[in-house]
Amino acid sequence: MSTYGDIKLSVLQMIFATSGTTLASNTSTASYLNIMPSIINDGLNELRTKGKYKIKSLDITQDGTGSGLVQKYDFSILVPDFYEFGNNKVYLDDGEEYKPTLDYKVEANKIFVLPSAKVGTWTVYYNAYPTQITASTTDNTEIDLDPEVEGLLKLYTAARVYLDDNAGFCTLWLNMYTDGLANLKSNEDKSTIEFTHTYESW
């Protein structure tokens, strides 16, 4: 997994600002490094809109003793990088077998709802927001990306930071980025029923 520093170094090498293997801020690199955070964030957010989410999961365990008819789990509170449930599957381990399940509901696109009497552990997959770069992000911060997304992010960043220096190279990189973007395949699991499904058994 690449770090923030790895990505910045690769971009600097692409735009000929450094030929070394160590990231350093100097007269040749400082102006580029200063504008990289916002450009990298723009690239990450655009790639997210193309379905290249980072899919993560959260395990929810119930022992059947909860009060009321249902238990509600607000993913916007439970996981800080929650973006949406999307079309990802939910799996249930009921102590006898582990399999996909549809015995749940979703409210307000962020609240996972289970019958209080149900017992087991649910593995709920969700689409996560990409890591956001801030002024406090350190160079050793891991940026968890698919390999194809990482390559496109470097092209996008290099084209944006080098635009005033060499429009020809930037046009080439942007064309490569656009072509790659068009060929990206979503990494969501499309085999699951949409979350608008209603369950008459409740």
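Begin by selecting Y4, I7, K8, V11 and L12 in helix α1, which meet Y32, L33, M36, P37 and I40 in helix α2; contact here means heavy atoms within 4.5 Å. Sorted by class, this α1–α2 contact has nine nonpolar residues, no polar ones and one charged. In that classification Ala, Val, Leu, Ile, Met, Phe, Trp, Tyr, Cys and Pro are nonpolar, Asp, Glu, Lys and Arg are charged, and the others, Gly among them, are polar.

The model is a predicted one, in which local features need pLDDT of at least 70 and side-chain atom pairs count only at pLDDT 80 or more, while totals for chains, interfaces and linings use all residues. Residues are numbered from 1 along each chain as its sequence is written, and side-chain values use heavy atoms, with hydrogens and water left out.

**First helix pair**

Display α1 (residues 4-14) together with α2: their axes come within 11 Å and cross at roughly 115°. Helices (H or I, at least four residues) and strands (E, at least two) are DSSP runs numbered from the N terminus. Axes are lines fitted to C-alpha atoms, for helices over the stretch in contact, and angles run from 0 to 180 degrees between N-to-C directions. The crossing of α1 and α2 is right-handed; the term applies if the near helix is turned clockwise from the far one by less than a right angle, and left-handed if anticlockwise.

**From α2 to α4**

α2 passes α4 in a right-handed crossing. Residues of α2 including Y32, M36 and I40 meet a set in α4 that includes L152 and Y156. By class, this contact comprises twelve nonpolar, two polar and three charged residues.

**From α4 to α5**

Next, select α5 (residues 167-182), which packs against α4 at an angle of about 150°, with the axes 8 Å apart. That makes α4 roughly antiparallel to α5. Here the crossing is left-handed. L152, L155, Y156, A158 and A159 in α4 meet residues of α5, among them W173, L174 and Y177. The contact has eleven nonpolar residues, one polar and no charged.

**The sheet**

Now select the strands of the open three-stranded sheet, ordered β2-β7-β6 with antiparallel pairing; two strands pair if DSSP finds at least two bridges between them. At the edges lie β2 (70-74) and β6 (105-107), each pairing on one side only. From one strand to the next the twist averages 30°. Five bridges join β2 to β7 (residues 111-115), and D74 has I111 in β7 as its bridge partner.

**The salt bridge**

Finally, select D81 and K56, whose side chains meet in a salt bridge (2.7 Å, N to O). D81 lies in the loop between α3 (75-78) and β3 (82-84), and K56 in strand β1 (residues 54-63), 25 residues apart. The criterion is a side-chain nitrogen of Lys or Arg within 4 Å of a carboxyl oxygen of Asp or Glu, and by this rule the count comes to seven salt bridges.

How values were computed: Angles under 35 degrees count as roughly parallel, over 145 as roughly antiparallel, 65 to 115 as roughly perpendicular and the rest as oblique.
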